[in-house]
Amino acid sequence: MKSLKHMLLVAILIAFSSCKDKADAATTSEIEEAAKMESSSSTYSVNIDESTINWKGFKPTGTHTGTISIQEGSISANENGLESGSFVINMKSINVTDLASGEGKESLESHLMGTVEGKEGDFFNVNQFPTAKFEITGYNAGENSMGKLSGNLTLRGKTQNISFPVSIYDEGDKMTLKSDSFTIDRTKWGITYGSKSFFDNLGDKFINDDMELQILVIATKA
């Protein structure tokens, strides 16, 4: 009995630890109207060399991490802060950072991009959908520099509105937007490969529906 109680306690602690370590899910909803820029607002151009998106994918045997580049983008701000903006994401820039070259890195990148013959539809199918897009629909300022950003995210031709926490720092001619880590359910964008929600008998070969993202955008006044 003591042994059983000990096992249950360990299981509860592991579950609690796992939940605690997992990033919060972004709020997902239907498409909303994009925020408009006022004529009196200032425009900031995204510095693509300093801006990036970090990602993490999960499976029973571990995780994979990587980056995706922002191809172009701009932000507008007024006296009240962030107002509108949009970013184009280069899906052909998917980079795996937890594997070394020649040790599975290139193979996983090709699979994620969908450039492997016969497996184009497994993940992002970049030849058909070379870019993704995030278009700001609203920003609710919170205390200090923290607030909640909402926008329409388009992946593989499907669009959903997501909301997640961000910190925004305005330093004269430079604006930095950094999100907390958050998760999205990839299947809402039609990315169902390896999902237990869509396929049976996967055993431990499934891939979690949740994909973790963290966004860093650095922009300078145009």
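Visitor: What percentage of the 222 residues in the chain do buried residues make up?

Guide: A residue is called buried under 20% relative accessible area, exposed over 50%, and partly exposed in between, with a 1.4 Å probe and protein chains only. Buried residues make up 37% of the 222 residues here. This is a predicted model, in which local features need pLDDT of at least 70 and side-chain atom pairs count only at pLDDT 80 or more, while totals for chains, interfaces and linings use all residues. Residues are numbered from 1 along each chain as its sequence is written, and side-chain values use heavy atoms, with hydrogens and water left out.

Visitor: How many helices and strands are there in the chain, and in what order do the elements run?

Guide: Helices (H or I, at least four residues) and strands (E, at least two) are DSSP runs, numbered from the N terminus. The chain has two helices and 12 strands. From the N terminus on, their order is α-β-β-β-β-β-β-α-β-β-β-β-β-β. Along its principal axes, the C-alpha trace spans about 70 × 50 × 35 Å.

Visitor: Which strands does strand 9 pair with?

Guide: Two strands pair if DSSP finds at least two bridges between them. Strand 9 (residues 158-171) is joined to strand 2 (residues 27-29) by three bridges, and the two run antiparallel. Strand 8 and strand 9 also run antiparallel, joined by 10 bridges. A further six bridges join strand 9 to strand 10 (residues 174-179), again in antiparallel fashion. Ser163 of strand 9 is the bridge partner of Thr27 and also that of Ser150. Asp170, for its part, stands opposite Met175 in strand 10.

Visitor: Which residues take a positive phi in the hairpins of strand 9?

Guide: In the hairpin of strand 8 and strand 9, with two residues between the strands, Arg156 takes a positive phi near 50°. The hairpin of strand 9 and strand 10 likewise has two residues between the strands, and there Gly172 takes a positive phi near 70°.

Visitor: How many bridges join strand 6 to strand 5 and to strand 7?

Guide: Strand 5 and strand 6 run antiparallel and are joined by 11 bridges; they form a hairpin with two residues between them. In this pairing, Gly73 has Phe87 of strand 6 as its bridge partner. Five bridges join strand 6 to strand 7 (residues 131-141), also antiparallel, and the partner of Ser86 in strand 7 is Glu135.

Visitor: Which residues of helix 2 are buried, and what covers them?

Guide: For cover, one looks at contact, meaning heavy atoms within 4.5 Å. In helix 2 (residues 105-113), the buried residues are Lys105, Leu108, Glu109, His111, Leu112 and Met113. Their cover includes strand 4 (52-59), strand 5 (62-78) and strand 6 (81-96). Just after helix 2, Gly114 takes a positive phi of about 80°.

Visitor: Is Asn152 buried or exposed, and what does its side chain meet?

Guide: Asn152 lies in strand 8 (residues 146-155). Because its relative accessible area is 6%, Asn152 counts as buried. A polar contact is a pair of N or O atoms within 3.5 Å; within protein, one must be able to donate a hydrogen and the other to accept it, and residues adjacent in sequence count only if both atoms are side-chain atoms. A polar atom of the Asn152 side chain lies 2.7 Å from the backbone oxygen of Glu32, and a polar contact of 3.0 Å joins the side chains of Asn152 and Asn161. Leaving aside neighbours within four places in sequence, the contacts of Asn152 include Ile31, Lys133, Phe134 and Thr159.

Visitor: Where is Met211, and which residues is Met211 in contact with?

Guide: Met211 is found in strand 12 (residues 210-221) and, at 15% relative accessibility, counts as buried. Apart from neighbours within four places in sequence, Met211 is in contact with Lys56, Phe124, Phe182, Thr183 and Ile184. Tyr139 is 72 residues from Met211 in sequence and 23 Å from Met211 in space, C-alpha to C-alpha.

Visitor: What share of the contacts in the chain with a separation of 6 or more do residues 24 or more positions apart account for?

Guide: Residues 24 or more positions apart account for 60% of those contacts.
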